[in-house]
Amino acid sequence: MAETEKLLVAEHIVKRYDMKKKLFDKEQKTLKAVDDVSFYINKGETFGVVGESGCGKTTLGKCVVRLHEPTSGKLYYNVDGEMKDLLNLDKKESFEMRKKIQIVFQDPYSSFNPVHTIYEAFDEPLRIHHMGNKEERMEIIADSLRKVNLQPEYMKRYPHEFSGGQRQRICIAKALALKPDLIVCDEPVSALDVSIQAQILNLMRKLQRELGVSYLFIAHDLSVVQYMSNRIAVMYLGKIVETADAKELHNMCLHPYTQALLSAVPIPKYGEKMAQMVLPGDVPSPINPPSGCHFHPRCEHCMEICKCEEPALRTIKGTTHQVACHLFDDDERFE
Amino acid sequence: MENTLNENVLEVKDLQTRFRVQKRVVNAVSGVTFELKRGKVLGIVGESGCGKSVTAHSVLQLLPKVGHIENGSVMYYPKDGEPIDLSKYGPKSKEIRKIRGKDISMIFQDPMTTLNPVYTIGDQIVENLRKHEKLTKTEAKVRVIELLKKLGIPNPEIRFNEYPHQFSGGMKQRVMIAIAMICNPEILIADEPTTALDVTIQAQILGLMRSLQEEHGTSIILITHNMGIVAQMCDDVAVMYMGRVVEFGTLKQIFTEPKHPYTTALLRSVPVLGMDSDEDLETIEGSTPDASTVFKGCEFAERCKEARPECFKRFPKDTFFEDGHRVRCILYEENENG
């Protein structure tokens, strides 16, 4: 079926950073920013990744765009029905694939070169990818600006002439100019005010309906991710602890961390008080993560097995809901 | 009510704060009025640049050199003693220094930059305590460790001698709360206390503030842009836009019967957990104008869906409803008149 065709499949992605060895360090320390993460994104859907700072969500996004080369793992990308291994391409193919996956960064203020006009910023990638002659390129730029509700004349202006919300629109337009299938959005609205945030979210949804692009939507705000996404992955210390449909995640999440994360979101409604499920402690350092299940020191259901054995990500029968937690080791609902 | 004590602990009337930036005059706060009730939490909400932080800084005269209070009064009613108008004292006067950190204290947004990196945590808390109370170093240390324990900092005796870089973000914010709360202030001003923190840590800090408030009966002014935090923490709410309070009321009034178009739009523009994602979010068109813009009429008129020609011509007046609910909008002035 066309609807559920997979666009991107990531298998066992690992991204390790070797820390600088200090004088008295006995051994080389490594930071596992992304640790054995597998997921897929369907065509035309939004896949949300949510987690606290330091959980590796941004690194994961950068691995997908190949701004960082993953240490190990496989990335498959659907090119006209054929799954291509993104990490094993020759130079020419690799260059072609760069067009297909674009990224929108968090901070619209630092994403532009202040001495280049919007036209220059847009034109460079178009020129590199040989997208027609000058007139055609101008038309592409004007067209993508129109798509994000900005006037094409704005391309003659400099970045400082725009407000934060407008700049984020321009970032989205710039990503769209190369006609990608997948846009990685790394915290696209967290630097914006609430009223502007709503404009950007609505715009992104409109573009998805019209152009059928897929999003990998990375954010720390669970209510925004839940609103935007079809499916959501919850990350903790470099690992996915739960993936589920957006609605299902809200109604019947299983992992204790997801439950805590959900209950920690303040609800903007009168009379609905937050559930008093406050998670103790801080997120541990990813350089030296806790043994076994990384979440066990903060978990109220911690058992002996959690301290020594890492739980595997298991799927509930007949669904796409996946959980990595020892609480469900004997649960019959799982495959 | 306690004998003849005023119900309000802080009354800000018609406060105007101006900044002079290179011959330009910026009205950051232009005529803000609100009351803080004793033992209650007042939330000030608004988007960036609406003047909510400047209002809070004006209360304690913590404005930068280019800023000054042009007009208005900030009446503080201490538990015992005469009411004091804080706006009449100079920013460096003895009187205001006595009040700062003792009767009224403040927590800032970014705990990473507000602590001094070359002093230990203990030193920084003791400094505030010994400035306002005559205590020996050992007595002060006992008090500080007691408070740190209450704030959920593990091994406070050891942590007392550690430096800020050894603390995590959430722990640093706890230290900031300790500095603010060590003298048992009557009013605590919290300027976006959890914006720099993760959600699970935010929940910890908010819970902590709530329990401290219940224990000591502190009145809190909570400045935030997050409607969720307001709904969870506050008793009264002031909604600000472009340096003015556009709506003021109890939590229930603001959330169940918001009157000002800006409040309504603000409430509807945030995604809520579990909401139907088929619906589009309500947006407020355009963006916040520059702070130095001079208005002839309502500041919000340009972005308002219910704006009328009259809105652009004159300033709206406050319209009062039952139980102190007040709205600054022309739409309601007419309703009242006829």
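1. In this predicted model, B:Gln61 is buried, with 22 other C-beta atoms within 10 Å. A count of 20 or more is what qualifies a residue as buried. B:Gln61 is located in the loop between helix 1 (52–59) and strand 4 (67–76) of chain B. The backbone deserves attention here: although B:Gln61 is not a glycine, its phi is positive, at about 55 degrees.

2. B:Glu192 also calls for a comment. This residue is not a glycine, yet it has a positive phi of about 45 degrees. B:Glu192 is found in the loop between strand 7 (187–191) and helix 8 of chain B. Is B:Glu192 buried or partly exposed? With 19 other C-beta atoms within 10 Å, B:Glu192 is partly exposed.

3. In chain A, helix 5 (residues 164–177) consists of 14 residues. From its first C-alpha to its last, helix 5 of chain A reaches 20 Å, close to the 20 Å expected at 1.5 Å a residue. Of the 14 residues, 13 are buried, so helix 5 of chain A is largely enclosed by the rest of the structure. Just after helix 5 of chain A comes A:Lys179, which takes a positive phi of about 55 degrees.

4. The next point concerns two helices of chain B. Helix 4 (residues 121–132) of chain B packs against helix 5 (residues 137–150) of chain B at an angle of about 115 degrees, and their axes are 10 Å apart. Helix 4 of chain B is therefore roughly perpendicular to helix 5 of chain B. The crossing of these two helices of chain B is right-handed.

5. Which residues make this contact? Helix 4 of chain B contributes B:Gly122, B:Ile125, B:Val126, B:Leu129 and B:Arg130. Helix 5 of chain B contributes B:Ala140, B:Lys141, B:Arg143 and B:Val144. By residue class, the contact of helix 4 with helix 5 of chain B has five nonpolar, one polar and three charged residues.

6. The last point is the contact between the chains, to which chain B gives 40 residues and chain A gives 36 residues. On the side of chain B that touches chain A, at least two residues come from each of helix 8 (199–216), helix 9 (227–233), helix 10 (251–256) and helix 11 (261–268) of chain B. Helix 8 of chain B gives the most to this side, with seven residues. The side of chain B that touches chain A is made up of 18 nonpolar, 17 polar and five charged residues.

Definitions and conventions. Residues are numbered from 1 along each chain as its sequence is written. Chains are lettered from A and ligands numbered from 1 in the order in which they are written. This is a predicted model: local features need pLDDT of at least 70, side-chain atom pairs count only at pLDDT 80 or more; totals for chains, interfaces and linings use all residues. Two residues are in contact if their C-beta atoms, placed from the backbone, lie within 7 Å. Helices (H or I, at least four residues) and strands (E, at least two) are DSSP runs, numbered from the N terminus. Ala, Val, Leu, Ile, Met, Phe, Trp, Tyr, Cys and Pro count as nonpolar, Asp, Glu, Lys and Arg as charged, and the others, Gly among them, as polar. Axes are lines fitted to C-alpha atoms, for helices over the stretch in contact, and angles run from 0 to 180 degrees between N-to-C directions. Angles under 35 degrees count as roughly parallel, over 145 as roughly antiparallel, 65 to 115 as roughly perpendicular and the rest as oblique. A crossing is left-handed if the near helix is turned anticlockwise from the far one by less than a right angle, and right-handed if clockwise. A residue is buried if 20 or more other C-beta atoms lie within 10 Å of its own, exposed if 12 or fewer, and partly exposed in between; C-beta atoms are placed from the backbone. The expected span of a helix is 1.5 Å times one less than its number of residues.
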